[in-house]
Structure formats: structure tokens, C-alpha cells
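This briefing sets out how the chains of a protein assembly pack and meet one another. Please read it alongside the sequence and the 3D structure.

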Amino acid sequence: MTAMLNIKDLRSYYGQVQALHGLSFALNEGSLTTLLGANGAGKTTTLRAICNMVRSTGAIEFDGSSLMGRSTESIVRLGIAHVPQGRGTFTSLTVEENLQLGAISRRDRAGIIADIERMYGYFPVLKERYTQQAGTLSGGEQQMLAVARALMLKPRLMLLDEPSFGLAPLIVRDLFKILGRINREEKVTILVVEQNAQLALELADQAHVIETGRIVMSGGAKEIANNEDVRKSYLGY
Amino acid sequence: MSAAIEDVVTEAPAVEAVPKRAMTLGSGTSLVVVLLLLVVPLLVKNFIIFQMTMLLIYGLAVLALNILTGGSGQFSLGQSAFYAIGAYTSAILMEHFDVNYALTLPIAGVLCFGAGFLFGQPALRLSGVYLALATFALATAMPQLLKLGYFEKWTGGVQGLVVTKPDAPFGLPMSQDMWLYYFTLVVTIAIYVFSVNLLRSRSGRAFMAIRDNEIAASAMGVDVALYKTLAFGVSAGITGVAGGLGAITVQFVAPDSYTITLAISLFLGMVVGGVGWLPGSIIGSAFIIFVPNIAEGISKGLSGAVFGVLLFLVIYLVPHGARQFAMVAHNLIGKVRRN
Amino acid sequence: MELFTNQILAGISTGAIYACMALAVVMIYQAIDHLNFAQGEMAMFSTFISWQMMQWGVPYWLAFVLTLIFSFIAGIAIERVLFKPLAKAPILTNVAGFIALYSIINSCAGLIWDFTIKQYPTPFGSAPFLGSQLISTHQAGMIGITLLMLLGLFFFFQYTRMGLAMRAAAAMPESARLVGINTSWMIALGWGMAAAIGSVAGMMIAPVVFLEPNMMLGVLIYGFAAAVLGGLTSPFGAVVGGFLVGIFENLVGTYIPGVGNELKLPIALALIITVLVIKPAGLFGRPIVKRV
């Protein structure tokens with residue numbers, strides 16, 4: 001397996017405050033990786049740094065070419081879809097328009113129409129509501145819409161920031177199943193940041209643990225899940 | 001690094017916050033400025049004294065806007081309207097009712113306070129760009145209201161009113177211009193001291209709390225509605241006094257002296273002087289009085305363009321206006337002293 | 001009754017002016033969330049450009065099209081050079097920028113073309129329209145052009161990818177970047193389109209109010225009033241608002257004694273404030289949600 005995304009010595013700043021202190025890790029093509037860490041460890045910042053939404057130094061390479069200094073939109077156009085915290089739904093637009101926006105950088109009209117249908121297959125509830133304003137959807141529906149919108153890009157890499165946030169446990173299970181399917185069937189590499197460590201470790205094959213802006217542990221998800229410290233700190237048993 | 005920082009909403013605030021301390025001058029500097037203002041008129045010609053009087057008057061008007069914007073974070077592109085109300089109040093009282101000029105000023109102030117307070121009511125519901133819009137409309141509508149047939153008996157309609165210039169009282173041996181200058185200076189200093197104290201008071205803290213975060217302020221128990229309208233009222237009142245003084249000094253009021261151009265000038269004066277920095281008002285005032293003179297000297301109609309270009313330069317290069325220079329100077333002096 | 005219907009008709013024809021201007025106002029508001037106080041002056045300058053071309057012998061419709069193109073490019077250029085650096089600045093700074101632009105354009109137009117009023121031609125003629133004394137062919141043409149522009153904008157925003165991208169960028173810039181939209185250029189495009197629409201408004205209005213550097217101030221206030229009434233987020237609302245404001249103005253002038261031409265601007269002011277206080281989102285706008 002080759003490294004699709006390679007991050008080296010990443011340091012990010014919010015104004016004067018440094019949030020990442022030389023963070024390094026790599027993502028393999030086709031993997032489903034989770035980033036674990038306490039509140040404020042720098043998980044969200046890492047995702048934002050990949051899309052150049054926060055001032056950073058260091059090296060981020062995607063397919064061997066550097067992402068540093070590129071604008072957010074041009075990074076996205078390389079096939080990196082980012083579902084931000086809070087989902088980033090276009091609340092004033094309809095569900096279908098949200099999906100079309102996901103594919104705004106694509107040119108294949110027929111493909112887009114087919115993909116919208118495919119999304120309705122994954123998330124039938126979106127089809128029921130396709131003319132509805134996205135802001136009127138429930139939290140879970142909005143999260144599905146956000147994932148579907150990200151998939152409309154036909155991404156090679158998908159970054160998800162706390163997809164379980166604010167959702168009922170049952171809905172979270174469904175969502176994670178679908179993420180697993182997307183990873184296997186569509187061969188989309190996924191990097192997911194999660195508070196719900198247990199669920200994330202069940203789903204993922206790789207895991208990295210962040211503490212105060214650095215990677216402190218990396219490995220297979222099973223192996224991490226069995227680690228004494230991780231169990232104590234993040235799984236609570 | 002906390003999650004709270006990651007979640008910061010990156011919405012631009014209406015006005016950049018100015019710490020309270022930074023809003024005034026030290027006592028040493030103040031003394032020098034007052035001395036200068038006292039002595040210089042004794043040495044110069046009458047026309048320059050007239051210009052210095054206008055400098056103080058516009059300084060007051062800019063100060064008033066500064067209290068509103070720098071203090072409570074509300075905009076106004078409509079200050080010319082309150083200035084006009086003040087000017088007409090003084091002029092009408094003096095010419096039609098023979099009221100002493102000095103007495104017309106508090107009346108103008110109170111009347112404008114009322115007008116501002118009333119206008120502040122609808123303005124409460126508006127913020128940022130909507131408030132700018134409403135006040136912009138107010139400023140453009142004002143000259144037409146003043147030209148109205150109903151009031152022509154008092155306002156003199158399009159022709160306007162001529163105001164008599166007062167003599168120095170008690171047989172003081174000074175020219176009318178010089179007397180008026182010192183009279184204006186006293187009023188200006190009184191209002192300046194009042195404003196500084198206002199901003200240092202409970203009300204001032206309430207203003208600033210609203211400016212920095214309205215919702216948080218109301219959660220802390222600040223009566224946002226009251227203080228916002230109060231800020232409008234105080235600002236309008238001071239502008240009204242300035243307007244009254246202006247009418248007496250220029251000896252003439254007419255609708256077309258109080259157009260949107262005046263409102264824009266005052267706004268410009270505030271930005272140039274530094275939003276929220278009260279002493280900057282006088283610098284802003286100097287800017288709006290002398291720059292057009294110089295520009296019109298070069299070519300007629302050029303002053304608007306010069307204004308505009310300079311305004312752009314200010315917002316790009318010195319976004320804090322004259323205050324920025326003052327801060328740099330302050331730091332330099334501090335360094336020299338230490339060495 | 002006949003007086004009433006006539007006044008409504010007359011109101012619609014003046015309303016077309018306001019509707020034109022309101023469209024430009026809404027356009028820029030959609031793109032940048034600000035009201036551009038220099039919008040009227042930009043329209044006035046464009047109109048002068050077209051007048052100048054006609055003075056040089058360019059036929060009307062060619063001048064019209066060239067002016068549209070000029071305005072579009074000039075709008076983009078103004079955004080790129082002057083306002084892009086202010087994107088993250090406080091609202092106050094942006095308002096100061098608009099005011100500065102207003103001063104510069106107004107002053108430059110006066111310097112170049114003088115402050116005297118000039119006749120401006122109409123392509124539609126000024127004969128009575130369909131025999132009606134109240135509405136001239138020019139006014140009918142103006143209404144037609146306004147509706148045409150509205151239709152064009154509707155299709156653009158509703159059915160084109162670029163329109164969708166612009167709406168997305170205006171509504172949620174960060175999310176828009178995350179689907180790969182270059183939001184910065186969307187803003188520039190919004191400026192260009194607003195400038196072009198404004199130039200049409202200017203060229204339509206100039207035959208009615210005559211051409212001079214201060215011709216747009218009153219119209220702009222009415223354009224604001226119309227946009228606010230219709231809802232700042234809705235192009236359709238802006239046009240309806242424009243016609244309503246025109247009708248309102250005429251009816252007030254006819255039926256309330258003492259309110260004549262001299263009260264035009266105070267009426268607009270009262271209208272703006274009333275609408276903002278009672279229904280800030282306007283008739284057709286989406287409600288404004290304040291974020292904490």
C-alpha cells in the first residue's frame with residue numbers, strides 16, 4: 001500500500017496560539033483511519049490544516065504533491081471532501097441543491113444526475129425531502145445530507161469531523177455502517193475524527209491518538225483498542 | 001489549545017473594540033492642547049479665528065458621532081440631520097423669538113437629544129448595515145424637510161435664515177469672532193469633559209459592553225434598548241449644540257448646508273481621527289475643514305475625489321486613524337525616556 | 001375611480017425606475033452582505049460613459065451593450081482592487097470604503113463631464129403608450145426591460161450552476177469553499193453583475209431625470225426603500241417592491257394634501273424605517289437569523 005496523504009511536522013496557529021506542535025502521520029490509500037483525542041487535542045485543527053483553513057507550517061502531501069499554500073477550494077477540487085463540524089449544510093437551499101453543490105466542480109452532467117440517484121439509494125430519507133429547505137431537516141438527516149454532499153464530489157479522500165455529534169445512538173450506528181460501505185464499495189479513503197472512540201475503533205482499520213497537538217500513538221485499530229492507556233483514557237474501562 | 005478556540009465564529013464585529021483607557025489623552029498632553037487653543041487666537045487674523053471656531057464645532061460633531069460609534073458600536077450616516085435641527089433651533093429662536101444665543105444652545109441640545117432618542121427607537125431594531133441605511137436615508141431626507149412649505153414662516157424655506165452675530169459681553173475689548181471663539185472653546189471643553197466622564201461612568205461601560213457583544217451585555221443585565229437609544233440621544237444632543245454654534249458662527253442657515261455631504265464629512269472625520277478615540281475628533285475635524293479647502297484650491301469639484309482617496313488610504317494604511325500615530329508617538333517617547 | 005387607476009398606472013411607470021435600481025442593490029447584497037452606498041454613483045458613471053460614446057457617434061444599442069460590458073468589468077475591477085482587501089474588516093471599515101467610493105466617483109464625474117444637466121436619449125421614444133397619457137413608450141419600455149432583467153436573473157440563479165454557486169457562496173462562504181467554489185471570485189462576479197444591472201438602471205432613468213452627477217442620489221434611496229420593502233434577499237421582491245414604492249408614492253402625493261414632490265425623500269425614509277421595524281426581512285425575503 002502507498003501513502004496517499006503524508007503529513008510531516010505540521011504546526012498550526014490560531015492567531016498567536018499554537019494548536020499543533022509538529023504532528024506527523026500518513027494515510028494509506030483505501031484505509032479508514034480515525035483520529036482520537038481529548039477535547040482540544042487538535043483533531044479538528046488537523047482536518048482544517050489539510051484543507052488550508054488554518055495557518056500552518058510543515059508539509060502536507062497528497063499523491064506526492066504538496067497542498068501547502070493552495071486555496072481551500074483548489075484542495076477540494078483535487079478530490080478531498082471535508083465534512084466540517086456542524087455539517088456545513090446550506091440551510092437556505094433545498095436538499096437537491098445541496099447535492100448539486102457537492103458536485104459543483106464536476107463537469108459530467110449525466111454522471112451527476114446518476115450520482116444524486118445513488119445518494120438517494122444510500123439515504124432514502126433525502127429523496128423524500130429533496131425539495132425541502134435543508135435547514136428544516138433534523139440533525140441526523142442533515143448529517144446524512146452532509147455525507148452525501150461530500151460524496152457528490154467523487155472524492156478520493158473524505159475527511160469527517162465528528163459525524164456523530166449531537167445524533168441519537170441508533171442513527172450514529174446507521175451512519176457508521178454507511179461510512180464503512182462507502183470505504184469498501186466506493187474505495188474512498190476516509191479520515192474520521194471522533195469523540196465516540198469505541199464506535200470509531202470498531203469501524204476503523206487504522207487509528208492515531210493525538211494529545212496536545214502531537215501524535216502520541218499510532219497503529220491498527222484493534223491494537224489501539226486493546227492498549228491499556230487508550231482504554232483507560234478514551235474507552236472508559 | 002482548547003476546543004473553544006477552534007469553534008470561534010469568524011464573523012467580523014461591527015466596530016473594532018477600543019480599550020477604555022485608550023479613548024482619552026493623558027493630563028499633561030491635554031494641558032498643552034488647551035494652552036495652545038487658548039493662546040493661538042491672540043496671535044492670528046480674524047479669518048483664521050473663524051476657522052478655528054469651525055474646527056471646534058466640527059470637532060464637537062465628530063466627538064458626538066464617536067460616542068455613538070466608538071462608544072456603543074452603532075453607526076450613523078445621518079448626523080447632518082441632527083446638526084441641522086440644532087442649527088435651525090438656534091437660528092429660529094434667535095431671529096424670531098429674540099432668545100439670547102447662549103440660551104439657544106441648551107434648547108437645541110435638548111431638542112436634538114429628544115430627536116435622537118426618538119430616532120434611536122426604530123434604530124434599536126437595526127444593526128450594522130441596516131442602521132447605516134436608515135441614517136443615510138435620514139440625512140438625504142433632511143434638506144427636503146427643511147424646505148417644506150409648512151414651516152417656511154420660520155425656516156425661510158430654500159432661502160434660509162440670516163443669523164446676527166453676537167457681540168462680546170460686558171464691554172470686553174475683543175472682536176466678535178474672537179469672543180465667539182472663546183465662547184465655543186468653553187462649550188467644547190465642557191462637553192469634552194462631560195463625554196470623557198460619561199464613557200468612564202456606568203453608562204459608558206454599558207455602551208462598551210453593547211458594542212463588544214450585545215447579547216452578552218443583555219445577559220449581564222444591561223438594558224440594551226435603553227442604553228442604545230441613550231447613546232443615540234446623547235450623540236444627537238451634542239451634535240445639536242454643535243449645529244447651534246455653527247449657525248451662530250456662520251451667521252446663516254439654509255437647507256442645502258446640511259446635506260448628506262456634511263454627514264459623510266463627519267463620518268470621515270471620525271474614521272480619520274480614529275474610531276473611539278475622543279481626542280482624535282479634533283484631528284478629524286481639522287481634516288474635514290482643511291483638506292477640501294486645499295483640494296478646491298487645486299481644482300473645483302476635486303474635494304470629493306481627494307476625500308475618497310484619502311479615506312481609502314486611511315482604512316488601508318492606518319485603520320485606527322490618528323490614534324495609531326498617537327500610539328506610535330507614545331511608544332517612542334516611552335523608549336526615549338527609558339534610555 | 002379613474003383618478004385612482006390612473007395614479008396606479010403612473011406609479012407603476014415610476015416604480016420601474018426604482019425596481020431597476022433595487023435589483024442592483026439586491027444583487028450586491030446577495031453577493032457581499034452589504035449595501036453599496038456607491039451603487040447609484042457607479043450607475044451614474046456608467047450612464048455618462050454611454051452618453052460619451054453616443055456623443056462620439058456610437059449608435060444607442062451598441063453604446064448600451066458596450067456600457068454593460070464596461071460596467072461589468074469595472075465592477076469586478078473595483079472589487080478586486082479596493083474591496084477584496086477589506087473582506088475581513090469590520091462593517092464600519094466597509095461602510096467607510098463605500099462612502100469613499102461614492103465621493104470619488106461623484107467627484108470624478110463632475111470633473112470630467114461637468115455638473116450641468118444633459119439630455120439623454122431614449123430608444124423607445126416618448127409618445128403616449130397605447131394612447132394613454134399617463135404612460136409613455138419610454139416608461140413602457142423601461143418596465144419591459146426591468147421585467148426582462150428579472151427573468152434573466154431568475155433563470156441565472158435558479159437554473160445555472162454558476163447561479164447556484166453564487167447563492168451558496170453568499171449564504172455560507174466556508175461551506176462553499178469546501179465544495180470547491182472559489183468564493184472570492186463569486187463576490188467579484190456579484191460586483192460585476194450589480195454594476196451591469198445598475199448601468200441599465202442608469203441608462204433607463206437618465207431620460208426621465210436628466211443626466212448629471214447627482215442624478216442617482218434620490219433614486220438610490222428609493223431603490224433601497226424598494227429593496228428593503230421587497231426583501232433584500234429576493235430579486236423578485238426587489239422588483240415588486242419597486243413597483244409598490246412607485247404606486248405608494250403616487251397615491252400619497254395624490255390623496256394626502258400638502259404632500260407634493262418636495263416630500264419625495266422623506267416618504268422614502270419613512271417607508272424604509274417602517275418596513276425595517278415592522279418586517280425587517282421585507283415582503284419576500286428570508287428572515288435574517290442572527291448568530292451568536
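**Arg173(A) and its salt bridge**

At a relative accessibility of 44%, Arg173(A) counts as partly exposed, where buried means under 20% relative accessible area, exposed over 50%, and partly exposed in between (1.4 Å probe, protein chains only). Arg173(A) forms a salt bridge with Glu202(A), with 3.5 Å between the closest N and O atoms; a salt bridge is a side-chain nitrogen of Lys or Arg within 4 Å of a carboxyl oxygen of Asp or Glu. Because Arg173(A) lies in helix H7 (residues 169-185) of chain A and Glu202(A) in helix H8 (residues 197-203) of chain A, the pair ties together parts that are 29 residues apart in sequence. Helices (H or I, at least four residues) and strands (E, at least two) are DSSP runs, numbered from the N terminus.

This is a predicted model, in which local features need pLDDT of at least 70 and side-chain atom pairs count only at pLDDT 80 or more, while totals for chains, interfaces and linings use all residues. Residues are numbered from 1 along each chain as its sequence is written, chains are lettered from A and ligands numbered from 1 in the order in which they are written, and side-chain values use heavy atoms, with hydrogens and water left out.

**Other salt bridges**

- Over all chains, the count comes to 14 salt bridges.
- In chain A, a network of salt bridges links Arg106(A), Asp108(A), Asp115(A), Arg118(A) and Glu186(A).
- Glu79(C) and Arg80(C) meet through their side chains in a salt bridge (3.0 Å, N to O). Glu79(C) counts as buried because its relative accessibility is 4%, whereas Arg80(C), with a relative accessible area of 22%, is partly exposed.

**Interface of chain C and chain A**

- Contact, meaning heavy atoms within 4.5 Å, joins 19 residues of chain C to 27 residues of chain A.
- Chain C and chain A bury about 1800 Å² between them, 63% of it on carbon and sulfur atoms; buried area is the accessible area (1.4 Å probe) that two parts lose on being put together, summed over both.
- In chain C, the residues that lose the most area to chain A are Arg161(C), Leu178(C) and Val179(C), together 38% of what that side buries.
- Between chain C and chain A there are 2 salt bridges. The side chains of Glu97(A) and Arg167(C) meet in a salt bridge at 2.7 Å, N to O. Glu97(A) lies in helix H3 (residues 95-102) of chain A and Arg167(C) in helix H6 (residues 161-171) of chain C, so this pair joins two chains. Both Glu97(A) and Arg167(C) are buried.
- Glu174(C) and Arg48(A) also meet in a salt bridge through their side chains (3.4 Å, N to O).
- H6(C) supplies the largest share of the side of chain C that touches chain A, with 6 residues.

**Interface of chain B and chain C**

- Here 53 residues of chain B are in contact with 50 residues of chain C.
- Chain B and chain C bury about 4200 Å² between them, of which 79% is on carbon and sulfur atoms.
- On the side of chain B, Tyr130(B), Leu133(B) and Phe312(B) lose the most area to chain C, together 15% of what that side buries.

**Nonpolar cores**

- A nonpolar core is a set of buried Ala, Val, Leu, Ile, Met, Phe, Trp, Tyr and Cys residues joined through side-chain atoms within 4.5 Å.
- The largest nonpolar core has 205 residues, and among the members that touch the most others are Tyr83(B), Trp191(C) and Phe224(C). Helix H1 (residues 2-32) of chain C gives the most to this core, with 16 residues.
- Not counting residues up to four places away in sequence, Phe224(C) touches residues including Leu133(B), Phe136(B), Val25(C) and Ile272(C).
- A second, separate core of 79 residues includes Val54(A), Leu67(A), Ala197(A) and Ala204(A).

**Chain B and Ser195(B)**

- Chain B contains 15 helices and 2 strands, and buried residues make up 55% of its 339 residues.
- Ser195(B) lies in helix H8 (residues 176-200) of chain B and counts as buried because its relative accessibility is 0%.
- Leaving aside neighbours within four places in sequence, Ser195(B) is in contact with Leu63(B), Ile67(B), Ile238(B) and Leu278(B).
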